[in-house]
Every structure is written in structure tokens, then in C-alpha cells.
Amino acid sequence: MQTIQTAWDFFQNEVLGMKWLNRLIGNIVEACRLDPASRIGGSVQFFIYDVLKIMALLGVLIMMISYIQSYFPPERTRKILGRFHGIGANIIAALLGTVTPFCSCSSIPLFIGFTGAGLPLGVTFSFLISSPMVDLGSLVLLMSIFGWKIALLYVLFGLVIAVAGGTLIEKLHLEGQVEEYIRNGKTIDIPQEQLHYKDRMKFAWEQVVATAKKVFPYVLVGVGVGAWIHNWIPEDLIVKLLGDNNSFGVIIATVAGVPMYADIFGTIPIAEALLAKGALLGAVLSFMMGVTTLSLPSMIMLRKAVKPKLLGIFVGVCTLGIILVGYFFNFIAPFIL
């Protein structure tokens, strides 16, 4: 048992966490006559290490996920979802959301297509919530920083929010709140192209390049903010806002994430820095969920597809779910950290 634990610790720290890279960069920073323990030296080390680590893991993960995704183009996904009914359909939609694009804005066009094709509204909303909030890539990256227990629970609760939110919206019968041009849209049944291994690998590599170009600016911003928090923001301030003494920390973190726009890869370095500064686990994870699911740009895009009442219910359901999950993580944190 001890051997298994040692092997897992090595895998998590040196393979997923790439701690060897952090040590290497620390040596390079010292060689440049900067002290890694100083604010400037620590910021440089944090920035270079996190950018390289995230982009390296991101490339591998997108390659794998895109290969899987090649089996689930929009038309096939629509057909799969159309075979299920009730809460089972919501569960399948949430699970399929884990192998689709990485941010809420890129998920909305698929949501519009599925809704226009006649899929139940609750099912399409389960997909819309799950797609940006949880994906296979986020599971691996979260494991590299927070450990496997927190990573699995984050994905699990994200799926719970997606299924519960979609089911509630379905029960409210809000089909009339979808814009008319979507409800009256027509779909063309296009035969599924038969892809071979080389075709799928080519598709996966193209996705790696396209996604890397898309998310790189957000990774730079996210890591920059993380480095700033990690080395320049006083720990007392973070603890005061998001620590033990503030019972509203989860709510503050959730609301603070809404105006931002980034995928989960851009929020992870910020979350890492906040946790290191004394923020509670629930507040940190609520911030991540708020950014990825309820960003202001994605809500503006979604407003083009649904009417204000449905948009408000969607935001309310997601916000309530994220806050509840945040407080639950705060409660169980002593047992899993």
C-alpha cells in the first residue's frame, strides 16, 4: 500500500504537477541573480512555471479530448441525446458536455443548435452548464494542483449542478422563453463522415493549435493575476475576504467571478494563488465555477437566444448551485485537504 501511495505521489507531483519544472525554473531565476523568495523573483518563477506547465498539459489533454470528441460531432451528439428522456437525458447531456469546447461562449452555439433541433430545453441547459464548468481536461489539471479527491468532487458537483439545473428548467416549462428564430429553426440531417485514425489525429492536432491560440492570452492573464496575488497581495487581506472569518466569502467569490471571461485553464492559477494565501477551498472553487459558467460575455451571447425570464432563471439556478457547492466544500475541506 505504501508503494502505491509513493508511486501516486510521484505521479501527481512530478508528472501532473511538474514540480521538477518549478525547481528548474527556480535555479534559472537564481542564476539570473534573482531571489525566488523575493517578490519579484517569486513572481517571475510563478509566472514562467505556471504558463509552461498549463500549456504543456493543455496540449496533451486537448489532443486526447479532441480525439474522443471526433466521435461526437454536433449531429451525432444531437442524435444520442434524442434517444433519452427524463432525468436520464439530463445526465447524458451533462456527461457529453465534458468532451466539448472549453468555454461558455463556444458552448452556446451548440446549445442553440440542439434547442433548434427540438431537443428538450432542460436537456440542452444541462449540456450548457456542464460544458464550460467541467471537462476531462479540468479533471487532470485540478488533480495536478489540488489532488485527486478535490478534482473528482469538483467534477462530480459540477455535473450535479448541470443535471439539477436542467431538470428544474425542464419542469418549469419555459419553452416559450426561447427566441422565436431558434424555436422555428430547421435542421438538415447530414450523414456522419467516416473518419479514419489519421483523420482523427489530424483533427485533434488542429484542435490543439486552434485552442492553444485561443486560450493562451487568458492563460497569460490568469497566471499574471495569480503571480500578483501569490507574491504581492497581503495574506491578511485574502483571509479577511475569503477566509475563515468571513461567512460570505463563497458569495463574494462567486459574484467576483461573473464579470470575468476565461476558461478553466485561465482560472486555475488564480485559484491556486488564492488557496495558498489562505482563501477557503469552497470560495476558491466557487470563484472558478462562477468565471467559467456565468461570465458576463457568455450571458450577453445567451441573451440573444433566450428571453430575460429564462436567462434570469438560468443565472439564479447556477448561482445558487455554485454557492451551495462552495459552502459544502468549506465544510468537508478539513477532511480532504
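In which helix does Ala 212 lie? Ala 212 lies in helix α11, where helices are DSSP runs of H or I with at least four residues, strands are runs of E with at least two, and both are numbered from the N terminus. Before I go on, please keep in mind that this is a predicted model, in which local features need pLDDT of at least 70 and side-chain atom pairs count only at pLDDT 80 or more, while totals for chains, interfaces and linings use all residues. Residues are numbered from 1 along each chain as its sequence is written, and side-chain values use heavy atoms, with hydrogens and water left out.

Let me stay with Ala 212 for a moment. Not counting residues up to four places away in sequence, Ala 212 touches Met 55 and Gln 207, where contact means heavy atoms within 4.5 Å. Met 55 is 157 residues away from Ala 212 along the chain, yet their C-alpha atoms are separated by 7.5 Å.

Now to the chain as a whole. The secondary structure comes to 17 helices and zero strands, and buried residues make up 50% of the 337 residues. Among contacts between residues at least 6 apart in sequence, 83% join residues at least 24 apart. The chain exposes about 16,100 Å², of which carbon and sulfur atoms supply 69%; these accessible areas come from the Shrake-Rupley method with a 1.4 Å probe, and for residues only the protein chains shown count as cover.

If we leave aside its neighbours within four places in sequence, Leu 302 is in contact with Ile 108, Phe 111, Leu 128, Leu 311 and Phe 314.

What volume of space lies in the largest pocket? It comes to about 280 Å³. A pocket, on a 1 Å grid over the protein atoms alone, is an open set of points where a 1.4 Å probe fits, with protein on both sides within 12 Å along at least five of seven lines, and lining residues have an atom within 4 Å of a point. Grid points are joined across faces, edges and corners, and the volume is the space filled by probe spheres set on the points. Of the 15 residues that line this pocket, the closest to its centre are Ile 229, Ile 238, Leu 241, Leu 242 and Leu 274. Helices α11 (197-232), α12 (235-242), α13 (249-257) and α14 (264-276) each supply at least two residues of the lining, and the largest share, four residues, comes from α12. By class, the lining has 15 nonpolar, no polar and no charged residues, where Ala, Val, Leu, Ile, Met, Phe, Trp, Tyr, Cys and Pro count as nonpolar, Asp, Glu, Lys and Arg as charged, and the others, Gly among them, as polar.

Helix α14 also contains Gly 266, which counts as buried at 2% relative accessibility. Leaving aside neighbours within four places in sequence, Gly 266 is in contact with Tyr 218, Val 219 and Gly 222, and its C-alpha atom is 7.1 Å from that of Val 223, a residue 43 apart in sequence.

I will end with two loops. Most residues other than glycine have a negative phi. Arg 33, however, has a positive phi of about 65°; it lies in the loop between α2 (19-31) and α3 (39-69) and is exposed, with a relative accessible area of 80%. His 173 has a positive phi as well, near 50°, and lies in the loop between α9 (148-171) and α10 (180-183), where at 62% relative accessibility His 173 counts as exposed.

Key:
Buried < 20%, exposed > 50% of the residue type's maximum accessible area, 1.4 Å probe, protein only.
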